Every structure is written in C-alpha cells, then in structure tokens.
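Please read these notes with the structure open beside you. They are set out as numbered points, for someone who has not looked at this model before.

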Amino acid sequence: VLIATRDVAAVSASLSDLKGPKGASLTSSLFDFRVARYWAQRTSWRSGNCWIVPELLEEKTSWALRELQPSLLWLTLHVPLHAPPGLYRGKLTITADAHRLTRPVEVQVYPFELAAPQEYHWGLYTDSSRWRTYNEAKIEAEMRDYVSHGITSLMMYPLKHSTVELVNDRLRINAGDFVRYMNLARECGLRPPTVFSFQDLETMTNRLIDAKREGQEK
C-alpha cells in the first residue's frame, strides 16, 4: 500500500526479474500487476449507508495519488509448473514524480503442487449480465481467469441470457445464450454444482401477464 503526504499527479511501478536457485529466474512478465480502485459500497444489501472499500483491480501503467488516501497495489504471480523450488529475490520500484522508491520482493517456490480436492467447491457470483456487451473471447478469458484463481463453480442467472414470452397462456423460454455460456464454462474447467438464480421469474411473469391483459382490453 502507498500513502502520499501530498497529491501526486503520476505514479508508476516496475518489477525486476526475480533471481532464484541455480541460475533460475521468474521473469517480470509472469506477474500480473494491478491497482485497486476504492469506491462506495453499501454496508448491507438494503442499507442507505456506505463505506469506501478497495474492490476493483485495474490494469494501470500510471495513476494519481491523493493526499493521505491509500493506494493498494496487487501482484499476482503465475509460477511455471517446472520452476525449480527455492527462494527468488527481486525488487519493486515505485516512481512518483521525480522520486523513486525501491522495495525488495521475495517469493518462495515449493517443490509440490497445491491439492485440488474434488469434494470441495469454491463458487463465484458472476454478475453475468455484463456478458451481453462482451464478445466470446472476452467471456472465455474471464472464465479462465476464474479457474486460474481457484474458482470451481459459478452462480448464474439463466433469465438474464434468455428470451421469455407468453404464448397461449404458457411461459416459453429460449435459453440459447445461457446454454452457450454453460458449455463454455465446462470447456474452461468450471464444474458442478452450479447455482441458478431465478429471482426475477415472478416479476417477469407478472409483467407478461399484465401486458397480455392490457392487449385484451384494447
């Protein structure tokens, strides 16, 4: 975390390669560098009160610092499968205006892989309504990012990706887009159980019924 004693217009960061045992190294390209955005979030689902929290991790090459407001830096390392075990050392350099700050970075690589027990599940609320504005490649990249961070299962909203209509007093749902997303999730390594939320079904059904009544009255 960075905290400045005055406003700083432009801050940037760079990471060196990390040198390890027997001439091995973890190159800076293996690190995903992000800066957290702080914003207002409700203290509970229905509350009118908010607190300011870091939530969104953004890719940035340069950003501003406000006086006494923290700036959270986030580094994710993708260790190659066959990287030699041992301690790797490098440095993180922060440049702020004309000033430069260097801090050591150490990573311990262990000689084993983490277990992935099939009887445990780590789920994620996807907020998948955003995908309507994404192309297929971007959706796939997001799903693969879930898997790379240990997520195994998703919470999905079928109605957000379906066409719903009332035909001869029967509810008809075309879930073609939703089926496509679920097939893509399996291809990316996500697995059951999948949580489906139909929380808008009653509201949607009532809206269709009201629209039919209005049409009949006309």
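1. Is Gln199 buried or exposed? Gln199 is exposed, because its relative accessible area is 55% and the cut-off for exposed is over 50%. The model is a predicted one, and this applies to every point below. Gln199 sits in the loop that runs between E14 and helix H3, the latter covering residues 201–217. Its C-alpha atom is 9.0 Å from that of Leu159, although the two residues are 40 apart in sequence.

2. Overall make-up. The protein contains 14 strands and three helices. Its radius of gyration is 24 Å, whereas a compact globule of 218 residues would have a value near 17 Å. The C-alpha trace spans about 75 × 45 × 30 Å along the principal axes. Among contacts with a separation of 6 or more, 66% are between residues 24 or more positions apart.

3. Surface and charge. Of the 218 residues, 27% are buried. The accessible surface amounts to about 15300 Å², and carbon and sulfur atoms account for 53% of that surface. There are 27 positive side chains and 25 negative ones, and the centres of these two sets are 3 Å apart.

4. Strand E8 and Thr93. Strand E8 covers residues 86–96, and Thr93 is found in this strand. Thr93 counts as buried because its relative accessibility is 12%, and buried means under 20%. Which residues does Thr93 contact, leaving aside neighbours within four places in sequence? They are Ser12, Ala13 and Ser14, together with Arg100, Leu101 and Thr102.

5. Asp97 lies in the loop between E8 and strand E9, which covers residues 99–109. The phi angle of Asp97 is near 55°, a positive value in a residue that is not glycine. This deserves a second look, because most residues other than glycine have a negative phi. Asp97 counts as partly exposed because its relative accessible area is 39%, and that class falls between 20% and 50%. Not counting residues up to four places away in sequence, Asp97 touches Arg6, Val8, Ala9 and Ala10.

6. Lys22. Where is Lys22 placed? Lys22 is in the loop between strand E2 (18–19) and strand E3 (25–26). Its phi is near 55°, again a positive value in a residue other than glycine. Lys22 is exposed, since its relative accessible area is 89%.

7. Ser25 belongs to strand E3. With a relative accessibility of 34%, Ser25 counts as partly exposed. Setting aside residues up to four places away in sequence, Ser25 touches Leu18, Lys19, Gly20 and Tyr88. For Tyr88, the C-alpha separation from Ser25 is 7.1 Å, and the two are 63 residues apart along the chain.

8. Strand E4 and Asp32. Strand E4 covers residues 31–42, and Asp32 is placed in this strand. What joins the side chains of Asp32 and Arg34? A polar contact of 3.1 Å joins them. Beyond residues up to four places away in sequence, Asp32 touches Glu59, Trp74, Leu75, Thr76 and His78.

9. His82. The loop between strand E7 (73–77) and E8 holds His82. His82 is exposed, as its relative accessible area of 74% shows.

10. A cis peptide bond. Pro192 and Pro193 are joined by a cis peptide bond, with omega about 5°. This bond is worth checking by eye, because most peptide bonds are trans. Pro193 is placed in the loop between helix H2 (176–187) and strand E14 (195–196).

Conventions
Residues numbered from 1 in each chain as written. Predicted model: local features only at pLDDT ≥ 70, side-chain atom pairs only at ≥ 80, totals over all residues. Heavy atoms only, no water. Helix = DSSP H or I, 4+ residues; strand = E, 2+ residues; numbered from the N terminus. Buried < 20%, exposed > 50% of the residue type's maximum accessible area, 1.4 Å probe, protein only. Contact = heavy atoms within 4.5 Å. Polar contact = N/O pair within 3.5 Å; in protein donor to acceptor, adjacent residues only side chain to side chain. Rg over C-alpha atoms; globule rule 2.2 N^0.38 Å. Areas by Shrake-Rupley, 256 points an atom, 1.4 Å probe, with all protein chains shown as cover. Lys, Arg positive; Asp, Glu negative; His and termini not counted. Charge placed at Lys NZ, Arg CZ, Asp CG, Glu CD.
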